Structure formats: C-alpha cells, structure tokens
Amino acid sequence: MNKLVILVVEDDPPIRNLMTTTLKAHDYHYLTAPTGEAAILEASSHNPDVIFLDLGLPDMDGIEVIKRIRTWSNLPIIVISARSEDTDKIDALDAGADDYLTKPFSVEELLARLRVTQRRLAAAQSEIPVQSVFTDGKLRVDYAAGCAYLGENELHLTPIEYKLLCLLSKNVGKVLTHTFITQKIWGSSWDNDIASLRVFMATLRKKIESEPDSPQYIQTHIGVGYRMLKVE
Ligand code: CA
C-alpha cells in the first residue's frame, strides 16, 4: 500500500538523508531535488504522488516552486519550514500547499503527515469525480440537498455554519488558512472576520463533535487555520 513516490526537495544533505532513510525504511519510493529548478523538473518529468518541499532553497523561494507546480498539478505538497514564523506557512498554504512541517521535526511527524495525505489520496480515488455527498465517519454532507447529518440526525446549521462545513469538507485533509476561509465565506479577511470565524467554528463544532474540546473532525492549527480530517 505504501508504494507512493515521494519527491523530497531539500538542499541540506543531513536533513535530506534523514528523510530518504525514513521513507526507504517504511517502504516508500522517493526522488530527491536539492534546488527549486530541480524540483520543478522532477515533478514534471516523474509525476510523484507527494512532494515534501523545503521553503528555504538556494535558487528560489519554495513559495515560487508551489506557484509554478500549481499551474499544472494538484499533487499534495507538504511544506517544510525552518522558519518558525506562521506567516511563511500561511503564505505557502495560500499559494497552494496542503500541509506543513516545522523544522526540527521528528521521523514520527514526517510519517504522520504522509499517512494523512495517503488517506486523502485514497479517499479521492475511491469517490466519483463529482461527488454530491461527502461522508466522513458519522458525518454526511449532502451538497445537492443542502443538508448535513450526523448519523441519522439532520444537523440544524446556520447558513454560515453550513458554508463553513462545505468548504472544509470539500478540502478534506488540507490545512485552510484563516484568510482563505474568510475570503470564501465573507469575501474579505479583516481581523474581525477572523474573530467571527472562531465563533462560528465553535458553534459548528458543538453540533458535529461529540467532544468539542478534543475534536475529531476539525483540527485547529493555532495562528494558521483549520483542517477537516478524514476519520476512519
Ligand atoms: Ca534549506
């Protein structure tokens, strides 16, 4: 099941070696690229399943690599950032990255990110291209009918809560930034929209999560945004 091809884009040899050794030990195939140009070439010529992309590359900013790859491909890109500032992650996510890892990261974190991506790829392949119903554990969103259910029970959502749930479910597995979400919901992203988002997220969670304090469907990425997870 692990036979995914992972493109590792990293200019720092010790980190690159740690990553490739880990991938090899867990039965993944991999390619490597030490620069942005090499990454774009590998991505276009070998069609990998997932890219791990360092943001600080010698020849170009990783954000530029994301933008270039996104002109022709939607393949999952997991950004690796040495910079602890949230703005880099947010810029990368807004440019089209799916997820991020912050250096220094553990081998377990690297593998966990891959498993999330793998579940998402598997879910995308098993579903009909234009899906009208989203199912995730007990949660079901019927886009065509405009209703959502938890088990047998229809959820009573406000229009904003429903819009939020649709946006998150249509991007399941992907970290969505506060800016992205508020732009989609309100068409703007002022500070008070982000504050409103927190409020609507809290009320939505109360309706869909059995334990809103330890959510299983919607993950919080502090300072960055939210992600809907595919639960087993
Ligand atoms: Ca680097």
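Student: How are helix 2 and helix 3 oriented to each other?

Tutor: First, this is a predicted model, where local features need pLDDT of at least 70, side-chain atom pairs count only at pLDDT 80 or more, and totals for chains, interfaces and linings use all residues. Residues are numbered from 1 along each chain as its sequence is written, and side-chain values use heavy atoms, with hydrogens and water left out. The axes of helix 2 (residues 36–46) and helix 3 come within 10 Å and cross at roughly 25°; axes are lines fitted to C-alpha atoms, for helices over the stretch in contact, with angles from 0 to 180 degrees between N-to-C directions. Angles under 35 degrees count as roughly parallel, over 145 as roughly antiparallel, 65 to 115 as roughly perpendicular and the rest as oblique, so helix 2 and helix 3 are roughly parallel.

Student: Which residues of helix 3 make the contact with helix 2?

Tutor: Contact means heavy atoms within 4.5 Å. From helix 2 come Gly36, Glu37, Ala39, Ile40 and Ala43, and from helix 3 Val65, Arg68 and Ile69.

Student: Which protein residues are donors of the calcium ion?

Tutor: Donors are N, O and S atoms within 2.8 Å of the metal (3.2 Å for Na, K and Ca), and water is not among the atoms, so sites may look incomplete. Here they lie 2.2 to 2.4 Å from the ion: Asp11 (OD), Asp54 (OD) and Gly56 (O).

Student: What spacing do the donors of the calcium ion follow along the chain?

Tutor: Reading along the chain, the donors of the calcium ion give D-x42-D-x1-G.

How values were computed:
Helix = DSSP H or I, 4+ residues; strand = E, 2+ residues; numbered from the N terminus.
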